[in-house]
Amino acid sequence: MLLTSADIAALILTLKLATVSTAILLIIGLQIAWWLARTRSRIKPLIETLIALPLILPPTVIGFYLLLAFSPDNWFASSWQQLFGTSLAFSFSGLVIGSVIYSLPFVVQPMQSSYEKIPQLTLLTASSLGANKLDQCFSILLPMTRRATIAAACLAFAHTIGEFGVVLMIGGNIPGETQVISIALYDHVESLAYDRAHTLALTLLMFSFISLLSIYAIGRRGNNKSNRTPLGIRHA
Amino acid sequence: MLDININSQLGSFKLNIQTSIPTHGVSAIFGPSGSGKSSLLNIIAGFNLPDKHSMNSIYFNDQPWLLNSDATGYINRPIHQRRIAYVTQTACLFSHLTVQKNLQYAIDRSPENSNIDYHDICTRLKIHKLFDKLPEQLSGGEQQRVAIARALLSAPQLILFDEPLSALDEINREEVLHHLEQLHHVFEIPFLYVTHNIEELMRLADHVLLLDNGKLIANRPISDILPDLNLPLSRHQNSGVIIDTAVEAFDTQYQLIKLNLGGDQFLWVSGAYINSNSNSNKNAAPQSRIRIRIYAKDVSIALQAATDSSILNIIPVTITDISEVKNGQAIIKLTCDNHLILSRLTVKSIQQLGLAPGQRVFAQIKGIALLGAA
């Protein structure tokens, strides 16, 4: 009972999507989380709400609005088309955008809560010793919040792998291009190919189990009492 | 000089200070809590910014740190380019780094041509044994010693201290204070030291800025500011004076140092007052200058020089001023040659002896503390 080439293509595409999305999420998540952790702006609750929305919205809702945004007569999609020469709908880039939005709270929330625990004076002390902002980020912020960053990355990666609703709405189902593992599984079940469905499902199950296990193991290793749930958030 | 011109609303608090602070020795910022000491220090460091609408400026030896004028626009030198070090109440060591790596952090970011001696600093502050520990494994005093070493190793132009001893217990406080006393003589880096503790002020400061309610009351050398009866320091329970004076001789038989007050007047200080540090013999060498402290409560007054008293130091003085404080007590300002001494007496004694300004009397000094090299 081995994976077929189509399944392997879906698997590779899924891993590629998760890797690219996670990388983008870490970069923008760090900045959003840092801003949220430090700001006294009145729009902070608004931003927090927007970022948390994917936690409660059915993925199909997000997928639906993204589909509208990706339609060629939309200003966003048309300017993307002009800029990059490709359409967003039913494309890998479109999937990345969808995944980033969908997984954003899973990255921002653990990062934000760990950044809030870093005393302002620690960073000011570093700057008085001659560290500029970028230096502070790599010498103080990231090392001190290493566990949160790892947890955020694992969550983003695993969550993207498990994505279904958003992908279904905006990705279409083009093998090798936008067909991810969860969609391929759905296809197998639809076409009553239960053997192939089993193989894929088991692969996905094992992967999720191992990634979660490693997150909790990382969480256990530290002795940070204030952060007993290593994820900092509840998984819906 | 550190030239400051701050006129700024900070929340509900208004800070209004125009002054110049010497950039050598220890300058202390002293005042009650809520007087704006730490706010001023944070603005000098660049940790807080005064409001942009008012005309503020900070110059460190002609180097603009903060400037807001119509001619130049708004200039704010980033903290990491000010070359300062900041020692806080809580040490603020980097918790993810060992002691050695905390120190290395400062060295890595110090200017290349700085000639700071790493081993000398670690030896002076006794931190070789702590190298591999994490900050959380250190006592409060050890943390503060590492923080001070880290500050020195960054080779700063100025070190800012925000009540560095206030979070320590008595034993650790004394130890760190002792280190600070030694260090400011060894290194030429100016210290700007915020405190509300008069003991720290007397032992460390060369120069004092007195703050109250966001305003500067006085900015003068310590020897000048302590005996001023118009200032609150003289009315403090532990008020006193600091005198920088020359060693005349050392009496080996009685272990006493003879100090020349000028005008053929001498004070005897017990050698036991010398801290058991390596500088003790140097302190006592004739002609070297040392700093002593005399508390007002240790000085009593007699109309005649007593010959039947155990008090060693009885010197003729002239009363220049009397100021009543609270609880039936008064502070008397005395001069001996050109030195000022304070005496704290009860109003009852003053009336019984009939003391008045201009009168020549004898000061009986019960205790003199030797603070170290002047």
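In this predicted model, chain B has a mean pLDDT of 88, and 96% of its residues reach 70 or more. Within chain B, confidence is highest in strand S8 (residues 158–162), at 95, and lowest in helix H8 (residues 280–284), at a mean of 50. Residues 272–283 of chain B have a pLDDT below 50, and this stretch has 22 contacts in the model beyond near neighbours in sequence.

Chain A averages a pLDDT of 85, with 92% of the residues scoring at least 70. Here the pLDDT stays under 50 over residues 223–236 of chain A. For that stretch the model has 20 contacts beyond four places in sequence. Where pLDDT is low, the predicted coordinates should not be read in detail.

| Helix pair | Angle between axes | Axis separation |
|---|---|---|
| H2(A) and H5(A) | about 125° | 6 Å |
| H1(A) and H2(A) | about 145° | 10 Å |
| H1(A) and H10(A) | roughly 150° | within 8 Å |

Helix H2 covers residues 44–56 of chain A, and helix H5 covers residues 92–115 of chain A. An angle over 145 degrees would count as roughly antiparallel, and one of 65 to 115 as roughly perpendicular. The angle between H2(A) and H5(A) is about 125°, and the two helices are therefore oblique to each other. Their crossing is left-handed. On the H2(A) side, the contact is made by Lys44(A), Glu48(A), Ile51(A), Ala52(A), Pro54(A) and Leu55(A). On the H5(A) side, the residues include Ile101(A), Tyr102(A), Leu104(A), Pro105(A) and Phe106(A). By class, the residues of this contact divide into 10 nonpolar, two polar and two charged.

H2(A) also packs with helix H1 (residues 5–38) of chain A. H1(A) passes H2(A) in a left-handed crossing. From H1(A), Ile32(A), Trp35(A) and Leu36(A) meet Lys44(A), Ile47(A), Glu48(A) and Ile51(A) in H2(A). The residues of this contact comprise five nonpolar, no polar and two charged. Lys44(A), Glu48(A) and Ile51(A) belong to the contact with H1(A) and also to the contact with H5(A).

The axes of H1(A) and helix H10 (residues 181–190) of chain A cross at roughly 150°, which makes H1(A) roughly antiparallel to H10(A). Asp7(A), Ala10(A), Leu11(A) and Thr14(A) of H1(A) make this contact with Ile181(A), Ala184(A) and His188(A) of H10(A). The contact has four nonpolar, two polar and one charged residues.

**Strands and sheets in chain B**

Strands of a sheet pair through backbone hydrogen bonds, either parallel or antiparallel.

One open sheet of chain B has five strands in the order S16-S20-S17-S18-S19, with antiparallel pairing. Strand S16 (299–302) and strand S19 (339–346) of chain B each have a single partner strand, so one side of each is left without a neighbour in the sheet. Neighbouring strands of this sheet are turned by 45° against each other on average, direction ignored. S16(B) pairs with strand S20 (residues 360–365) of chain B in the antiparallel sense over four bridges. In this pair, Ser300(B) stands opposite Gln364(B) in S20(B).

A further open sheet of five strands in chain B has the order S14-S13-S12-S15-S21, with antiparallel pairing. Its edge strands are strand S14 (265–270) and strand S21 (369–373) of chain B, each of which pairs on one side only. On average, neighbouring strands of this sheet are turned by 40° against each other, direction ignored. Strand S12 (residues 240–251) and strand S13 (residues 256–262) of chain B run antiparallel and are joined by five bridges. Val247(B) stands opposite Leu259(B) in S13(B).

Strand S1 (residues 2–10) of chain B pairs with two strands described here. Nine bridges join S1(B) to strand S2 (residues 13–21) of chain B, and the two run antiparallel. Gln9(B) has Lys14(B) in S2(B) as its bridge partner. S1(B) and S2(B) form a hairpin with two residues between them, and Gly11(B) in the turn has a positive phi of about 65°. S1(B) also pairs with strand S4 (residues 57–60) of chain B, in the antiparallel sense over four bridges. There, the bridge partner of Leu2(B) is Phe60(B) in S4(B).

Terms used
Residues numbered from 1 in each chain as written. Chains lettered and ligands numbered in written order. Predicted model: local features only at pLDDT ≥ 70, side-chain atom pairs only at ≥ 80, totals over all residues. Heavy atoms only, no water. pLDDT = per-residue confidence, 0-100. Contact = heavy atoms within 4.5 Å. Axes fitted to C-alpha atoms, helices over the stretch in contact; angles between N-to-C directions. Parallel < 35°, antiparallel > 145°, perpendicular 65-115°, else oblique. Left-handed = near helix turned anticlockwise from the far one by under 90°. Nonpolar A, V, L, I, M, F, W, Y, C, P; charged D, E, K, R; others polar. Pairing = 2+ DSSP bridges.
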